[in-house]
Amino acid sequence: MLSDLEVLVEAMQGAEGKFLVVVTGAGISLASGIPTFRGQDKDAVWGRDVTELGTFRFFQEDPAGSWRWYIDRFDKVFQARPNPAHCALVELDAWHTKRNGPFLLVTQNIDTLHEQAGARNHVKVHGSADRVRCPVEGCSNGAPLGSLRRVESDLSAFRRDPTASNLPRCPACGAILRQHVLWFDETYDSHADYQWDRVCEAAEQGDVFLFVGTSFSVGVTELLVQSALARRRSVFSVDPHAPPMVRDIVALRTPAEILLPARLPARSLRGLQESVTERSLGTRYDRRTKERCHPWSGRRSCRLSSRCNRPSGRHAYCRRW
Ligand SMILES: [Zn+2]
């Protein structure tokens, strides 16, 4: 019986020239310290169902409550850094594209870890935590095209006194700003940034589908997996906590941050990984000892890059941290 790694390597090698669609969910960011969005808090107020609080209706009823809920979560999100699984997908994109295969990464995550890792062919189908927008449709800062960088909104007054009168407002029309994320009572085509057309195109034309850390519980994964299976395309799922899969999905139950990085390049992407390692380590790479930080070992902090502030991290992957 093949190991998870051997199955994955074989799948990626066999995908040459084919449309490779990678779909990531909250599971890929767990190793970066971001809890899954559907986790239950102990707090009575915030322990309410996420499908009730993550709605436009709740924002309209209680904008201050909505903002407090998101600030609490997004503060943790902004402290997170990519883990080796995010970085491995960037290398996979580069390697696959070199082999003339279309590549698209569709993420359900609103964190910015794929961008921080350097993702290029990338769709954030649920929006992004680092942006806000005006709730007024047609406003230059609202749907269908507008949004604002979150850092441009001054939240200091609201943090001191979290009431509606201190919430940031749209510079164009004065409406209270909202999160630039897809809420449960909204549709995927409600903003151009969600790039729903590209997702539909991938669902119709993708040849090999690799799901990473997804629970298959939201509409976008349902669409992609059903379309793939109906067209008898290859579907793989990397997730140690995956529920029992349908027969035609190959379930790989090794954690993504272990299965995807380093080992995948080591077998099938060897040439690319070596070039990436040398390029990223530059003159500080010790060719004699091959010394570099090792992920998750905790034996030493990264000292090969002044920009890497992680207590541990594989240097080849931390160059953008
Ligand atoms: Zn506005």
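Guide: Helices (H or I, at least four residues) and strands (E, at least two) are DSSP runs, numbered from the N terminus. This is a predicted model, where local features need pLDDT of at least 70, side-chain atom pairs count only at pLDDT 80 or more, and totals for chains, interfaces and linings use all residues. Residues are numbered from 1 along each chain as its sequence is written.

Visitor: Okay. Which residues in α5 are buried?

Guide: They are Pro-84, Ala-85, His-86, Cys-87, Ala-88, Leu-89, Val-90, Glu-91, Leu-92, Asp-93, Trp-95 and His-96. That is 12 of the 15 residues, so α5 is mostly covered.

Visitor: And how far does α5 reach from its first C-alpha to its last?

Guide: Helix α5 covers residues 84-98 and reaches 21 Å, close to the 21 Å expected at 1.5 Å a residue. The expected span is 1.5 Å times one less than the number of residues. After α5 comes Asn-100, with a positive phi near 65°.

Visitor: Zooming out, how many helices and strands are in the chain?

Guide: The chain has 13 helices and 9 strands. Of its 321 residues, 38% are buried.

Visitor: What order do the strands take in the parallel sheet?

Guide: It's an open sheet of 6 strands, β3-β2-β1-β7-β8-β9, with parallel pairing. Strands β3 (122-124) and β9 (249-252) are at the edges with a single partner strand each, so one side of each has no neighbour in the sheet. From one strand to the next, the twist averages 20°. Two strands count as paired if DSSP finds at least two bridges between them. For the angles, axes are lines fitted to C-alpha atoms, for helices over the stretch in contact, and angles run from 0 to 180 degrees between N-to-C directions.

Visitor: Which helices lie across those strands?

Guide: Helix α1 (residues 4-14) lies across β7, β8 and β9, at about 135° to β9. Helix α8 (residues 196-205) lies across β1, β2 (103-107) and β3, at about 120° to β2. Contact here has a cut-off: two residues are in contact if their C-beta atoms, placed from the backbone, lie within 7 Å.

Visitor: Tell me about β7. Is it mostly covered or mostly open, and what does it pair with?

Guide: Mostly covered: strand β7 (residues 208-212) has 5 of its 5 residues buried. Val-208, Leu-210 and Val-212 point one way, while Phe-209 and Phe-211 point the other. In a regular strand the side chains alternate between the two faces of the sheet. With β1 (residues 20-24), β7 pairs in the parallel sense over 5 bridges, and Val-21 has Phe-209 as its bridge partner. Another 5 bridges join β7 to β8 (residues 234-238), also parallel, and there Phe-211 is partnered with Ser-237.

Visitor: What about the antiparallel sheet, what's its order?

Guide: That open sheet has 3 strands, in the order β5-β4-β6. Its edge strands are β5 (148-149) and β6 (178-181), each pairing on one side only. Between β4 (residues 127-133) and β6 there are 3 bridges, and Val-132 stands opposite Gln-179 in β6.

Visitor: Where is the cis peptide bond?

Guide: From Ala-143 to Pro-144, with omega near 10°. Pro-144 sits in the loop between β4 and β5. Most residues other than glycine have a negative phi, and most peptide bonds are trans.

Visitor: Is Arg-232 buried or exposed?

Guide: Exposed, because it has 8 C-beta neighbours inside 10 Å. Arg-232 is in the loop between α9 and β8, with a positive phi of about 60°.

Key
A residue is buried if 20 or more other C-beta atoms lie within 10 Å of its own, exposed if 12 or fewer, and partly exposed in between; C-beta atoms are placed from the backbone.
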